[in-house]
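Trainee: Before we look, I would like each label tied to its cut-off.
Mentor: Then ask for the grounds of each one.

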Amino acid sequence: MEQTLSSVPSPPPPTTTSSTTTSTTATTPTPTILPVELIVTVFENLDGISLARCSQVCSAWTSIIQSYDDVLWSQAVRRDLDHDGGRMLWSLRVPNPRDLDDVGDGCMNNTAGVASEHGTEKYRAIDASSSNRPRRTWRDMYRITRNWYTGNYRGYFPRAIQPHHPFPLSELHTPPPHFRPTCVLGIPQESYHNTHLTLTSRGYLVRSNPSYRLPDYNLPSATPTPVLPDTRAILLQDPRTGRVVSHLENADGSDVTCLHAGPRSRWLVTGSFDGSVGIWDLERGKKVKTWLGHRGNVFCVKMNDSVVISGGFDNTIRVWDLPPTHPPSYFSPRSPSSYPTPATTPATPHTVWRGTIDISSFSDAGDAWLRGVWELAVSDTLVACTSDASGPILVFSLLTGTLVYELNGAGIAGHSYRSMCITPLFLLTTGSTTDISSISACINVWDLRTGRLLRRLVPDTDGVPEARTASISDVRVLPDGAGLVVRLCDQWSRKDWVYAWSFEGREEGCEEGDAKTENVFVQEIGGEEIRAFKEPGECYGNAWVCWA
């Protein structure tokens, strides 16, 4: 179900493409009359639509275009889709598909036994080599991005994997073997506190709750609650089995109110109630830096490959530079004391405070920002922020701190809390749309090239009548942009569902406009395995890990 705004110009016609390329290995082009170099030189000057049409002319051209994907399709992406913001020094760039190959692979490829300090039981992860997983190409990235503009998508309720059950499962609930954890939804409550969740670049689930404590391994095993009351802990959990494979000791005792791990970074960033922002080295399993910048609670933290961003009660956004870093070369989930120290990386990151963005100096929304910056979304050069009230969404340049867009349109008012995420070219926010009979939750898709509302994505809940009145509490996008996942929550019945949209586009042989079949599976993650790390208390609410 879709509502396209009449004020937005119609996007170009959809690209005609062949099926998804599953390997980036160059093949030998079929011999042609003209030299291959001359043909490639001509193809380099074509836009993506023309290039896709040329790939259907003959097998020789198809072979050439496939073999020179890094040359031809990367040029088409840069020419047709990338955008330069000009004087405010911001830009929009489709990510290199090579940067997405290893996201979420750690818990699938780690085949070494892991022993915890308090026992001899060893854990061995399933060996699912990533070498057999389909690799994204530049042509894939072009097709997926174009599908966002043309509206070529399909919505569905993803199939669920049995919680805490190793692969393989029953045939109806088994994802393909190359699937990996890509994002997590939900904020469950444990011991009367919210549990904050994020995924590391290696696919492990990080859990933070003020009730988590470091276990006391010196106590007898029969002790009901073997925890140290004064030592807080952040837990690392394997999403496949639910087992806690490691923990990070929060020695300073500050209550962590938010956290975030970058999809291609070794760092974990946390915000605390006392206004501090901490950075953790996941390879060493310890905190390596603490920043003091906010006057009051830190509500949200985000990061990309170069900066850490935090927003808090004081209506400011703090930005710190990070040194260039490579994706983690390994991640072995063992006890913190046994983490090795790589000789190629510094023990403490050299961070530089870039600056502060004072929201009150840009916004005229009045009471909407009285409680601070509630949510952040960050790309390579832009940061978007929102409050917990129905005010505007502000988008700033990370390089200059200048205001790029102030987004405030139909469908976003009336929600006291908004969740949002960002892709290289689009900003996605929760909202609502009104028809004759009811008010439906939706996702607003903002085009960051123009700052306009491109379309609204409304979940099709005809098959699940209970979800018709549910609101959207979380929104996440897959790292390659091929899928969008949201959590539908009914506040009265406390039931929730996961809904997804696929932007894979049509495959060869499908009818025009047809999207690919389901590309996301979901798995409910419970808290049964963390009882030894927390104080007794009521627990309710679900968390979902999405596999793609």
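Trainee: What share of the protein is made up of buried residues, and what makes a residue buried?
Mentor: Of the 548 residues, 55% are buried. Buried means under 20% relative accessible area, exposed over 50%, and partly exposed in between, with a 1.4 Å probe and protein chains only. The model is predicted, so local features need pLDDT of at least 70 and side-chain atom pairs count only at pLDDT 80 or more, while totals for chains, interfaces and linings use all residues. Residues are numbered from 1 along each chain as its sequence is written, and side-chain values use heavy atoms, with hydrogens and water left out.

Trainee: Why is Asp 238 called buried?
Mentor: Its relative accessible area is 0%, and the limit is under 20%, so Asp 238 is buried. Asp 238 sits in the loop between strand S14 (227-237) and strand S15 (244-250). Strands (E, at least two residues) and helices (H or I, at least four) are DSSP runs, numbered from the N terminus.

Trainee: What does the side chain of Asp 238 reach, and what makes that a polar contact?
Mentor: It reaches the backbone nitrogen of Arg 240 at 3.0 Å. A polar contact is a pair of N or O atoms within 3.5 Å; within protein, one must be able to donate a hydrogen and the other to accept it, and residues adjacent in sequence count only if both atoms are side-chain atoms.

Trainee: Why is Ala 160 called partly exposed?
Mentor: Because its relative accessible area is 31%, which falls between the limits for buried and exposed. Ala 160 belongs to strand S7 (residues 159-161).

Trainee: How do you know that the span of helix H4 is close to the expected one?
Mentor: The expected span is 1.5 Å times one less than the number of residues. H4 (residues 69-80) has 12 residues, and its first and last C-alpha atoms are 16 Å apart, against 16 Å expected.

Trainee: Which residues of H4 are buried, and what covers them?
Mentor: The buried ones are Asp 69, Leu 72, Trp 73, Ser 74, Ala 76 and Val 77. Their cover includes helix H1 (36-43), helix H2 (48-54), helix H3 (59-67) and helix H6 (138-150), where contact means heavy atoms within 4.5 Å.

Trainee: What makes H6 mostly covered?
Mentor: Of its 13 residues, 12 are buried, among them Trp 138, Trp 148 and Tyr 149. H6 reaches 18 Å from its first C-alpha to its last, close to the 18 Å expected. Just after H6, Gly 151 takes a positive phi of about 80°.
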